[in-house]
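Hi,

Here is the structure I promised to pass on. Have a look at it first, and my notes on what turned up follow below.

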Amino acid sequence: MEVTAILEVLATITGVMMSLAYYPQAYKIWKRKSAKDVSVIAFAMLAAGTTVWLLWGLSTGSIPIITGFAAGAIGSNLVLFSTLYYNSKSKKANAEKNIK
């Protein structure tokens, strides 16, 4: 097997493994129904970055980029939107408490 082919397989596997790192955070947010300690700015940057890399991979047809960043784009956006959702719920609940 050629070195380039081996590196392509390793890049694909590594990309998927790295992209799966978002899912434990998303699960933790969902399980706790809270995202109070999650940085919206950090995950917005990660979501934007993984999405752009996915689009670039799709435009060039690069299987390692597409495979790795598809999982990352889904996971980082899942964390981002879960964080925004639970933070807005928390703010609404706090506002309602202050009214009473």
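Predicted model: local features only at pLDDT ≥ 70, side-chain atom pairs only at ≥ 80, totals over all residues.

**What I found**

Val 16 counts as partly exposed, since its relative accessibility is 25% and the buried class needs a value under 20%. Leaving out residues up to four places away in sequence, Val 16 touches Thr 67 and Gly 68. Ala 35 is 19 residues from Val 16 along the chain, and their C-alpha atoms are 24 Å apart.

Now the overall picture. How far does the C-alpha trace span along its principal axes? The answer is about 70 × 25 × 15 Å. The radius of gyration tells a related story: the chain has 17 Å, whereas a compact globule of 100 residues would have one near 13 Å.

On burial, 27% of the 100 residues count as buried. The chain exposes about 7000 Å², and 70% of that comes from carbon and sulfur atoms. Take the contacts between residues at least 6 apart in sequence: 73% of them join residues at least 24 apart. As for charge, there are 10 positive and 4 negative side chains, with the centres of the two sets 23 Å apart.

Next, a residue in helix H4, which runs over residues 63-99: Ser 76. Is Ser 76 buried or exposed? Ser 76 counts as buried because its relative accessibility is 0%, and the cut-off for buried is under 20%. Its side chain reaches the backbone oxygen of Gly 72 at 2.8 Å. Neighbours within four places in sequence aside, Ser 76 is in contact with Tyr 22, Phe 43, Leu 46, Ala 47 and Thr 50.

Helix H4 also holds Tyr 86. Tyr 86 counts as buried too, because it has 12% relative accessibility. Which residues does Tyr 86 contact, leaving aside neighbours within four places in sequence? They are Ile 29, Trp 30, Lys 33, Ser 34 and Ala 35. Ile 13 is another matter: it is 73 residues from Tyr 86 along the chain, and the C-alpha atoms of the two are separated by 32 Å.

One of those contacts of Tyr 86, Lys 33, deserves a look of its own. You'll find Lys 33 in the loop between helix H2 (22-32) and helix H3 (40-60). Lys 33 is not a glycine, and yet its phi is positive, at about 55 degrees. A polar atom of the Lys 33 side chain lies 2.9 Å from the backbone oxygen of Trp 30, and Trp 30 is also among the contacts of Tyr 86. Lys 33 is partly exposed because its relative accessible area is 45%, while exposed would take over 50%. Thr 83 is 50 residues from Lys 33 along the chain, but their C-alpha atoms are separated by 9.4 Å.

If you open the model, the loop with Lys 33 and the contacts of Ser 76 are where I'd click.

Cheers

Note on methods. Residues numbered from 1 in each chain as written. Heavy atoms only, no water. Rg over C-alpha atoms; globule rule 2.2 N^0.38 Å. Buried < 20%, exposed > 50% of the residue type's maximum accessible area, 1.4 Å probe, protein only. Contact = heavy atoms within 4.5 Å. Areas by Shrake-Rupley, 256 points an atom, 1.4 Å probe, with all protein chains shown as cover. Lys, Arg positive; Asp, Glu negative; His and termini not counted. Charge placed at Lys NZ, Arg CZ, Asp CG, Glu CD. Helix = DSSP H or I, 4+ residues; strand = E, 2+ residues; numbered from the N terminus. Polar contact = N/O pair within 3.5 Å; in protein donor to acceptor, adjacent residues only side chain to side chain.
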